Amino acid sequence: MVTDPISDFLTRVRNAQSAGHKVVEIPASKIKKEITKILFDQGYILNYKFEDNSVQGSIKIALKYDKLTGKPAIKSIQRASRPGLRYYAGSAELPRVLNGLGIAIVSTSKGVMTGKQAKVENVGGEVICYVY
C-alpha cells in the first residue's frame, strides 16, 4: 500500500525519465489525472491516455525528450506538500518556480491548476509540487 499516491506518481515519472523510457504507466486517481493534464498543457509530456480497464484504471504517459541531446523535458519534479507537512499558500504567497520558468501545481477550491492561474483567479490552496 502506498501512503502518498502523488509522491508515487511523481517518482514513477522521474524514474522513467532517468531510465530513458518512452511510456510510463501509473495507477489512476482524479488528482493524478488533473496533474497529468496540467503537465501536458504546459508542454512537459508528449501525450497521455486514461484507461479504465480495471477498478482503479491507469494513466499512460508518453514522456518528452529533447531531440538533439536526448535529455528529458522535465529537469526536476518534486513534491512540495506531503502528508506529514502540508504546505498551503494564499494567492499572494504562491511560489515562483525558477523565477517564473517552472510551474507550481496547486490544489484550490476551484480545482487543480498552476500557480500562475491561481494568482490570476485570486485563489490559494495546497501547493502539490514544483516542475521545471
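Leu98 counts as partly exposed because its relative accessibility is 45%; buried means under 20% relative accessible area, exposed over 50%, and partly exposed in between (1.4 Å probe, protein chains only). This is a predicted model, where local features need pLDDT of at least 70, side-chain atom pairs count only at pLDDT 80 or more, and totals for chains, interfaces and linings use all residues. Residues are numbered from 1 along each chain as its sequence is written, and side-chain values use heavy atoms, with hydrogens and water left out.

Leu98 sits in the loop between strand S5 (88–89) and S6. Helices (H or I, at least four residues) and strands (E, at least two) are DSSP runs, numbered from the N terminus. The phi of Leu98 is positive, near 50 degrees, in a residue other than glycine. Most residues other than glycine have a negative phi. Asn122 is another case: its phi is positive, about 60 degrees, although it is not a glycine. You will find Asn122 in the loop between helix H3 (115–120) and S8. With a relative accessibility of 56%, Asn122 counts as exposed.

Gly84 belongs to the loop between strand S4 (77–79) and S5. Gly84 is exposed, at a relative accessible area of 69%. Its C-alpha lies 9.9 Å from that of Asp4, although 80 residues separate Gly84 and Asp4 in sequence.

Here are the accessibility values together.

| Residue | Relative accessible area | Class |
|---|---|---|
| Leu98 | 45% | partly exposed |
| Asn122 | 56% | exposed |
| Gly84 | 69% | exposed |
| Glu51 | 17% | buried |

**The three-stranded sheet**

Let's turn to the sheet. It is an open one of 3 strands in the order S1-S3-S2, with antiparallel pairing; two strands pair if DSSP finds at least two bridges between them. The edges are strand S1 (23–27) and strand S2 (45–51), each of which pairs on one side only. On average, and ignoring direction, neighbouring strands of this sheet are turned by 20 degrees against each other. Axes here are lines fitted to C-alpha atoms, for helices over the stretch in contact, and angles run from 0 to 180 degrees between N-to-C directions.

S1 and strand S3 (residues 58–63) run antiparallel and are joined by 5 bridges, while S2 and S3 pair in the antiparallel sense over 6 bridges. S2 and S3 form a hairpin with 6 residues between the strands, in which Gly57 takes a positive phi near 85 degrees.

Glu51 lies in strand S2 and is buried. Leaving aside residues up to four places away in sequence, Glu51 touches Glu25, Gly57, Ser58 and Lys60, where contact means heavy atoms within 4.5 Å.

At 1.5 Å a residue, the 12 residues of H2 should span 16 Å, and its end C-alpha atoms are 17 Å apart, which agrees. That expected span is 1.5 Å times one less than the number of residues.

Which residues of H2 are buried? They are Lys32, Ile35, Thr36, Ile38 and Leu39. Seen down the axis of H2, these buried residues fall within an arc of 160 degrees, so they line one face of the helix; the arc is that of the directions from the helix axis to the C-beta atoms. The face turned away from the buried side of H2 carries the exposed residues Lys30 and Asp41. After H2 comes Gly43, with a positive phi near 85 degrees.

**The nonpolar core**

The largest nonpolar core has 24 residues, and those with the most contacts inside it are Phe9, Ile35, Leu39, Ile61, Ile105, Ile128 and Val131. Such a core is a set of buried Ala, Val, Leu, Ile, Met, Phe, Trp, Tyr and Cys residues joined through side-chain atoms within 4.5 Å. Two or more residues come from each of H1, S1, H2, S3, strand S6 (103–108) and strand S8 (125–131). H1 gives the most to this core, with 5 residues.

**A second hairpin**

S6 and strand S7 (residues 111–114) pair in the antiparallel sense over 4 bridges. They form a hairpin with 2 residues between them, and Thr108 stands opposite Gly111 in S7.
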